[in-house]
Amino acid sequence: MKIRLFKKGDVFVQTERKLTISYTWLMILFLVLFSMIVSVFFVGMAYREQRQTIRNTLYATENGKPLIPDLTNSGNEELYFYYLTTTEGNVLESSEAFTSDFSYNLETIEKWQPQKDEFHLKWLSIPHNHHEGKKGDRDKLLFIGARPTILGDGQNGFIYVAKDVTFYVEVFQNLLVVLICILVLFCMIAVWLSLSMSKKAMIPIQHSYRQQQQFLADVSHELRTPLSIMNTSIDVIEMENGNDFTPMTKEVVIDMKEEVERMSRMVQHLLLLARSDSGSVQFEMVLFDVVPRIRQWVQAFDAIAKQKEIVLDIHVPNALVVKGDLERIKQLVYILLDNAIKYTPVKGRVDLFVTQQSKYWSISVQDSGVGIPVDERQRIFDRFYRVEKHRSREEGSAGLGLSIAKWIVEAHQGTIEVESVINQGSTFTVKFSNED
C-alpha cells in the first residue's frame with residue numbers, strides 16, 4: 001500500500017472555503033425550494049380556477065337543456081370549443097372559437113368517452129398553414145373537461161368543453177426565466193454573504209488557534225532553560241561524585257540523563273513546529289552537492305547502527321547538485337534514518353538511496369523493520385502519533401519526528417511517500433522537484 005502526502009494550503013483558508021460553500025449551497029437550496037413552492041402554488045391555483053370555469057360550463061343548462069355558449073367572437077380569452085356528441089362520436093351541437101380548427105379539435109377528443117367528470121391537458125397541434133406536419137406557432141395547450149349526459153331522445157351522449165391555457169404556460173415560462181435570473185443574482189449575493197459569514201465564524205477559531213500556538217511556543221521556550229540546567233547539574237554531579245556512586249545510583253543518574261535529553265529533544269521539536277505554524281521559520285535555499293553531505297550525515301549513525309548490529313549502507317551517484325535548505329535537508333535525513341534504525345530489529349538492514357530523474361531527485365530510506373499496519377499509515381505524520389506507543393516510549397520517541405519531516409518536505413514543494421509491509425520493513429521516499 002502506498003500513501004502520498006502533498007503540500008496543503010493553510011488550514012483556515014480550507015475551513016473558510018468549506019464554510020463558504022456550505023452556506024452558499026444552503027441558501028441556494030432555500031431559494032430552489034422556495035421557487036418550487038411558488039411554482040406549484042401558481043400551477044395549482046391556475047388549474048383550480050380553470051377547472052371550475054370548465055365545470056360551470058359543463059353543467060350550465062337552459063330549460064333543462066345544456067346551454068351552448070356562443071364562442072364565435074370569444075378568441076382566446078374565453079372557451080375554445082364546446083361539443084355535444086353521441087356515443088358514436090357524432091357532433092350534435094358545437095361552438096368553436098376558430099371554426100377552421102374543427103377537425104383538429106375532434107382529434108383531441110377522439111375515443112374519449114368519460115364515465116364521470118374528467119379533465120385532461122392536451123396539446124392541440126395544428127400544422128402551420130394547415131399543411132406542415134410539425135408543430136408551429138399555432139400549437140395550443142387545451143384544458144379539456146368532459147362528462148356524460150342524457151340527450152333529448154333519451155340516448156347517452158357526452159359534453160366536451162375546452163379552454164386555451166397556453167397563456168398560462170407562457171406566463172409560467174416567463175416566471176421560470178425570472179426565477180433563474182433571480183437565482184443567478186441570489187447566487188452572487190449568497191457567495192458574498194457566505195464569505196462574510198464564514199470569515200466571522202472563523203474569527204474565534206483563529207484567535208483560539210493563535211493563542212494555542214503562542215502558548216506552545218512560550219512553554220517550549222521556557223522549558224529549555226530548566227532542562228539545560230538539569231542536564232548540566234547531572235554532569236556536575238557525575239564529575240564530582242561519580243566514583244562514589246553505587247550501581248543503583250549510577251543507573252538512576254543514567255536514566256535521569258536520558259529522560260532529560262529526551263525532554264530536551266521534544267521541547268526543541270515543539271518549538272520548531274510552533275514557529276513553523278506561525279511562519280517565522282526562514283529557509284535559506286542554496287545550491288550544494290548533496291552526495292558528500294549524505295555520506296557525512298550517514299556516518300553519524302554508524303555507532304548507533306553497530307550497537308544493534310544493523311547494516312547501514314548508502315547508494316548514491318558520484319555527484320548531485322540540488323537546491324534547498326542545507327540544515328533542513330540534514331534534519332530530514334536524520335529523522336528518516338533515526339526512525340528506520342529505531343524500528344529495525346537487531347541484525348537488520350537500513351539502506352539509503354539518492355537518485356535523480358528528469359523532473360525530480362529523491363531520497364529513499366528503506367529498512368527491514370517491523371513495518372506499519374495498514375490502518376495506521378494514514379496517521380503516522382500526525383503530531384504526537386506513534387504506531388506502537390509502548391515501544392515508542394522505550395525508544396524515546398514523542399511522535400514529532402515525522403511531522404517535522406513532512407513540514408520540511410512541504411516547505412520544499414516536495415512529496416513524501418510511504419510503502420510498508422508488516423514484518424518486512426518500510427520505505428520512506430522523498431521527492432524534490434529539479435525546477436528552481
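A residue is called buried under 20% relative accessible area, exposed over 50%, and partly exposed in between, with a 1.4 Å probe and protein chains only. By that scale K342, at 17% relative accessibility, counts as buried. The model is predicted, so local features need pLDDT of at least 70 and side-chain atom pairs count only at pLDDT 80 or more, whereas totals for chains, interfaces and linings use all residues. Residues are numbered from 1 along each chain as its sequence is written, and side-chain values use heavy atoms, with hydrogens and water left out. Helices (H or I, at least four residues) and strands (E, at least two) are DSSP runs numbered from the N terminus.

**Helix α7**

- Because 12 of the 17 residues of α7 are buried, the helix is largely enclosed by the rest of the structure.
- The buried residues of α7 include R328, I329, Q331, L332 and V333, and also among them are I335, L336, L337, N339, A340, I341 and K342.

**Salt bridges**

- Side chains of opposite charge can pair when their charged atoms come close.
- A salt bridge here is a side-chain nitrogen of Lys or Arg within 4 Å of a carboxyl oxygen of Asp or Glu, and the count by this rule is five.
- Within helix α7, D338 and K342 lie four residues apart, about one turn of the helix, and they form a salt bridge whose closest N and O atoms are 3.2 Å apart.
- D313 pairs with R349 in a salt bridge, the closest N and O atoms being 3.5 Å apart.
- That pair links distant parts of the chain, with D313 in strand β10 (residues 311-315) and R349 in strand β12 (residues 349-356), 36 residues apart.
- Both partners are partly exposed, D313 at 28% relative accessibility and R349 at 36%.
- A network of salt bridges links D313, R349 and D351.
- E417 and K431 also meet through their side chains in a salt bridge of 3.5 Å, N to O; E417 in strand β14 and K431 in strand β15 are 14 residues apart, so this pair links distant parts of the chain.
- E417 is buried at 3% relative accessibility, whereas K431 is partly exposed at 22%.

**Loop residues with positive phi**

- Q413 has a phi near 60°, a positive value in a residue other than glycine.
- This residue, Q413, lies in the loop between α9 (401-411) and β14 (415-421) and is exposed at 57% relative accessibility.
- N423 is not a glycine either, yet has a positive phi of about 65°.
- The loop between β14 and β15 (425-433) holds N423, which is exposed at 65% relative accessibility.

**Negative surface patch**

- E251, D255, E258 and E261 gather on the surface in a patch of negative charge.
- Such patches are made of residues with over 30% relative accessible area and no salt bridge, like charges being joined within 9 Å.
- E258 is found in helix α4 (residues 247-278) and is partly exposed, with a relative accessible area of 48%.

Conventions
Patch = residues over 30% accessible without salt bridge, like charges linked within 9 Å, V, L, I, M, F, W, Y side chains within 5 Å. Areas by Shrake-Rupley, 256 points an atom, 1.4 Å probe, with all protein chains shown as cover. Lys, Arg positive; Asp, Glu negative; His and termini not counted. Charge placed at Lys NZ, Arg CZ, Asp CG, Glu CD.
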